[in-house]
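Here are my notes for you to read alongside the model. Take them one point at a time and keep the structure open while you do.

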Amino acid sequence: LARSNGSAGETLKLLVRAEDKYGNRASDFFEMVKVFNEAGELIWSGCFRETANAVFPLEILLPEAPGTYRFSAESGEFIDQSNPVIVSPSQGETSVFWGDIHGHSLNSDGRGTVSDFYAYCRDVAALDFCSVTDHGFQITEEGWEESKSVTEQFNEAGNFVTIQAYEWS
């Protein structure tokens with residue numbers, strides 16, 4: 001998983017994630033993984049035994065030549081490709097961002113904490129923005145204050161944007 005846009009020669013955050021056939025993190029996957037650029041050059045290798053959550057965050061250097069690129073990960077018979085990354089000579093006027101603006105926590109009818117939701121969105125799903133939108137009629141004043149605080153703590157302007165919200169019902 002990677003951002004969809006980048007500038008030539010800049011560093012790009014790439015998440016390599018082991019999943020089962022249903023798209024769930026395969027936390028019991030303990031194999032060597034190799035990551036290749038589009039030219040077939042090895043840019044990273046490592047063992048999933050050394051990571052939590054079956055996710056490896058990598059920082060890679062984007063090619064100098066503009067174009068659309070994909071990165072591939074291989075482990076034995078398993079091969080997968082990243083989403084396309086459009087590389088421009090410089091930052092363009094428009095960009096593609098990925099996010100989820102409808103997440104729930106234990107403060108209403110979801111699972112996990114507000115922190116759990118934001119950590120998953122940032123560290124596992126590689127999203128650019130997200131929002132916890134617990135049901136307004138279910139969230140307590142204490143839950144709302146906690147949600148606002150955690151939302152602010154996770155917000156990283158220009159990197160990972162969190163949006164304070166609730167679902168009106």
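1. Let's start with one side chain: how does E145 count by its relative accessibility, buried, partly exposed or exposed? E145 counts as partly exposed, at 38% relative accessibility. The labels work like this: buried means under 20% relative accessible area, exposed means over 50%, and partly exposed is in between, using a 1.4 Å probe and protein chains only.

2. A word on what you're looking at. This is a predicted model, where local features need pLDDT of at least 70 and side-chain atom pairs count only at pLDDT 80 or more, while totals for chains, interfaces and linings use all residues. Residues are numbered from 1 along each chain as its sequence is written, and side-chain values use heavy atoms, with hydrogens and water left out.

3. Now the overall layout. The protein chain has two helices and 12 strands (DSSP runs numbered from the N terminus: H or I of at least four residues for helices, E of at least two for strands). Follow the sequence and you'll read β-β-β-β-β-β-β-β-β-β-α-β-α-β. The C-alpha trace spans about 55 × 40 × 25 Å along its principal axes.

4. How much is tucked away? Of the 169 residues in the protein chain, 37% count as buried. The accessible surface of the chain is about 10200 Å², and 51% of that belongs to carbon and sulfur atoms (Shrake-Rupley method with a 1.4 Å probe; for residues, only the protein chains shown count as cover).

5. Look at who touches whom. Among contacts in the protein chain with a separation of 6 or more, 63% are between residues 24 or more positions apart. Contact here means heavy atoms within 4.5 Å.

6. On to salt bridges: a search of the whole structure finds five. Each one is a side-chain nitrogen of Lys or Arg within 4 Å of a carboxyl oxygen of Asp or Glu. Back to E145, whose side chain meets that of K148 in a salt bridge at 3.2 Å, N to O. Both residues lie in helix 2 (residues 141-154), three residues apart, which is about one turn of the helix. K148 is partly exposed too, at 34% relative accessibility.

7. Another pair to find is R17 and E19, with a salt bridge at 2.4 Å, N to O. R17 is partly exposed at 24%, and E19 is partly exposed at 38%.

8. Next, R122 forms a salt bridge with D123, with the closest N and O atoms 2.6 Å apart. R122 is partly exposed at 23%, and so is D123, at 32%. There's also a network of salt bridges that links R122, D123 and E156.

9. What about disulfides? A search of the whole structure finds zero, where a disulfide is a pair of cysteine sulfur atoms within 2.5 Å. C121 is in none, with the nearest cysteine sulfur, that of C130, 3.8 Å away. C121 is buried at 3%, and C130 is buried at 0%.

10. Last, the charges. The protein chain has 11 positive and 27 negative charges, and their mean positions are 5 Å apart. Lys and Arg count as positive and Asp and Glu as negative, while His and the chain ends are not counted; each charge is placed at NZ of Lys, CZ of Arg, CG of Asp or CD of Glu.
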